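Please read it with the structure open.

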Amino acid sequence: MAGQLSPDEKYDLITRNLQEVLGEEKLKQILQERELKVYWGTATTGKPHVAYFVPMSKIADFLKAGCEVTILFADLHAYLDNMKAPWELLELRVKYYEQVIKAMLESIGVPLDKLKFVKGTDYQLSREYTLDVYRLSSMVTEHDAKKAGAEVVKQVEHPLLSGLLYPGLQLSLSTVWGVDQRKIFTLAEKYLPSLGFAKRSHLMNPMVPGLTGAKMSSSEEESKIDLLDSKEDVKKKLKKAFCEPGNIQNNGVLSFVKYVLFPLHGEFCVKRDPKWGGDKVYTVFEEVEKDFGAELVHPGDLKASVEVALNKLMEPIRKKFEMPELRKLTNSAYPDPSKNRGVAEDDQLAPSRLDIRVGKVVSVEKHPDADSLYLEKIDMRGIESQAMLLCASIEGEPRQVEPLDPPEDSSPGERVFVEGYETGKPDERLNPKKKVWEKLQVDLKVSDVCVAQWKDKQLMTKLGQITCKTLKGGNIS
């Protein structure tokens, strides 16, 4: 197919559905002269989820356009990003990523023989690469490095030096990544010529909203659908997904249709009961979006239709990972933390058992029978929860109370976690007899600098720490 395409047609195929392209003119010039060399990189941290089908569908586009494609498993990046992948698990996670990504590509019909796979540590520990990183470190300021990694590297109050090294290693790569890497790419534009390298083109995928409306993340269980989730889990998670009637913003279900199903199949079928008009096949995404915005497509019908399409993509991956050696690899690369500690999950008092979310207070009313206010509605972006507003308080006359504040730009439904307990899975429902909340709550306090903490560890979202405005030393309940 590539040989039959003109340079302009190849450019259109390469750049379709991307959020941004840096270096468009250079890209067009290269396509006039030869085939494009591209590589896509991924840090081998948490388990890949269904949003990875977005770059997989782009890899399919690159191959159709005749590009030479290399896939990088960035294991060293995974370790440097606040040790999201422990050193002893790096090799196992690279193997897991390679197997699961190959299974994804096979499920969408991408021929693996046209791809090259490389591991970051195969060349990032070489003398030449290390010297380039040292040269770069003599040019880039601490401020620029921190700013470049702000949307990629996990942000904490006392960051490790490794988080500042991460952007420098990234500058030496020419990649297709998510748009959250944009600041690193612009830093590359500034500094790579100083190292003797030509400027490169950078292709950026959109960040697909998760099931809660925020970015789909490996570290947020409720925001994602794992590639190995069962059909029952897929149904359960989609049922809870944020998909407000008529709302086309931050809609992860609708975005999956746009960025995965249409590029792969060129159409999408909304399955409906005959009494509501029966099934309807769309050949243009904008028509799906238009009908959903006009509430001509019901969220339940959209979810059910995406469920069918998603399970069709995932089934070959599930079958492949039924092989005993791949089951063993999965368990070794992502060991159950409770088994490692030798303690039954039920008996642990880990704060990760609490499902705390960012919520938006929509309305407040005065209680008719008391001298107080009560919350009439809290927007949790589709998360089924017995919503309770966490507040800081100081006893006295009068009692002082303030709600806790998430970081700026937080979205309703984003998970709040305690630093160091990011990966634990919350209980679906707390057993009141075990008094898990009551036992954990006694250690929830506000620090002397107005940061919410549990046993001196910060309460955080992926964007930063949870704070309150003035109540230093207050209790949280």
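This is a predicted model: local features need pLDDT of at least 70, side-chain atom pairs count only at pLDDT 80 or more; totals for chains, interfaces and linings use all residues.

1. Residues are numbered from 1 along each chain as its sequence is written, and side-chain values use heavy atoms, with hydrogens and water left out.

2. On the chain as a whole: its secondary structure comes to 16 helices and 19 strands, taken as DSSP runs numbered from the N terminus (helices H or I, at least four residues; strands E, at least two). Of the 477 residues, 51% count as buried, where buried means under 20% relative accessible area, exposed over 50% and partly exposed in between, with a 1.4 Å probe and protein chains only. Among contacts (heavy atoms within 4.5 Å) with a separation of 6 or more, 70% come from residues 24 or more positions apart.

3. On the cores: a nonpolar core is a set of buried Ala, Val, Leu, Ile, Met, Phe, Trp, Tyr and Cys residues joined through side-chain atoms within 4.5 Å. The largest has 74 residues, and Phe53, Ile59, Ile101, Phe256, Phe268 and Leu302 are those with the most contacts inside it. Apart from it lies another core, of 21 residues, including Leu390, Val416, Trp454 and Ile466.

4. On Phe256: leaving aside neighbours within four places in sequence, Phe256 is in contact with Val50, Phe53, Leu261, Val306, Leu310 and Leu313. In α11, Phe256 is one of the residues that meet α13, together with Val253 and Leu264, and their partners in α13 include Leu302 and Lys303. The residues of this contact divide into twelve nonpolar, no polar and one charged, with Ala, Val, Leu, Ile, Met, Phe, Trp, Tyr, Cys and Pro counted as nonpolar, Asp, Glu, Lys and Arg as charged, and the others, Gly among them, as polar.

5. On Thr330: this residue lies in helix α14 (residues 324-333) and is buried, with a relative accessible area of 8%. Not counting residues up to four places away in sequence, Thr330 touches Lys47, Tyr96, Leu228 and Phe321.

6. On Lys95: found in helix α5 (residues 90-107), Lys95 counts as partly exposed at 42% relative accessibility. The C-alpha atoms of Lys95 and Phe73, 22 residues apart along the chain, are separated by 9.3 Å.
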